[in-house]
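Please read it alongside the sequence and the model.

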Amino acid sequence: QSLSIPTDPLSGNQWHLINVGQEVGNPDYQAIFATPGEDINVAPVWNLGLTGSGVVVAVIDTGVQTSHPDLLANLHPTLELNALDGGTDANPNALDPAGAHGTAVAGLIGAVADNDLGGSGVAPGVQLVPIRLIPGFFDFVDPFFFEQSTIDAFRYAIDEIDITNNSWGPAVTRGVAGPTFNEFLALRDSIIFGRTNPETGEDLGVIHVFASGNNAGTTFDYG
């Protein structure tokens, strides 16, 4: 029996965390139910008391709604970056339909648990750092300057950030488009020199997590 299942009102819908065969489709169209047990098996980890507490995760994305009530308590108090303009406001464009992506990703990672709001993140004790890098539909970004924005995002606060999450990638279909040379150097430097252990002085390195893409098969779409 799990001792740590979140009590948030929408946690029962989060089949990726706890899958008990709940309904996952839209009953107005078709009753679809999940397969019990087909989840990420996180409950045993929560039962060990591991919730991401003490870990700092940067969400490099379209921006994060920093006033969101289910994220607010887990946002880092001082770290925030808009890599597109060099500022410190990482909120997305509220009128841009593409802007919600980063907030949704931040919630999947670190939405607050047991606060009677929404659902729970996979690591509800984590500290989140919003970094706005991915432009929305209404943003004009010169490709020449976007490379520097990407470099700035990867090099941001590497002594304090443990992990970056990157749920984005190049607009290619079933192909590979790697980083530029300077982007690669920024990643390399953060991996080698980031996160110094205060007790030993050893450089632990930043961990960068990237999505694998949305179009792994011929029937996949961006939906």
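Val206 is buried, at a relative accessible area of 4% (buried means under 20% relative accessible area, exposed over 50%, partly exposed in between, with a 1.4 Å probe and protein chains only). The model is predicted: local features need pLDDT of at least 70, side-chain atom pairs count only at pLDDT 80 or more, and totals for chains, interfaces and linings use all residues. Residues are numbered from 1 along each chain as its sequence is written, and side-chain values use heavy atoms, with hydrogens and water left out.

**Surroundings of Val206**
- Val206 sits in the loop between helix 4 (181-193) and strand 5 (207-210); helices (H or I, at least four residues) and strands (E, at least two) are DSSP runs, numbered from the N terminus.
- Leaving aside residues up to four places away in sequence, Val206 touches several residues, including Ile158, Asp162, Ile191 and Arg195 (contact means heavy atoms within 4.5 Å).

**Salt bridges**
- The structure holds three salt bridges, each a side-chain nitrogen of Lys or Arg within 4 Å of a carboxyl oxygen of Asp or Glu.
- Arg195 pairs with Asp162, with the closest N and O atoms 3.3 Å apart.
- This pair links distant parts of the chain, 33 residues apart.
- Arg195 is buried at 17% relative accessibility, and Asp162 is buried at 16%.
- Asp189 forms a salt bridge with Arg155 at 3.0 Å.
- Asp189 lies in helix 4 and Arg155 in helix 3 (residues 143-155), so the pair ties together parts 34 residues apart in sequence.
- Asp189 also meets Arg188 in a salt bridge (3.2 Å, N to O), and Arg155, Arg188 and Asp189 are linked in a network.
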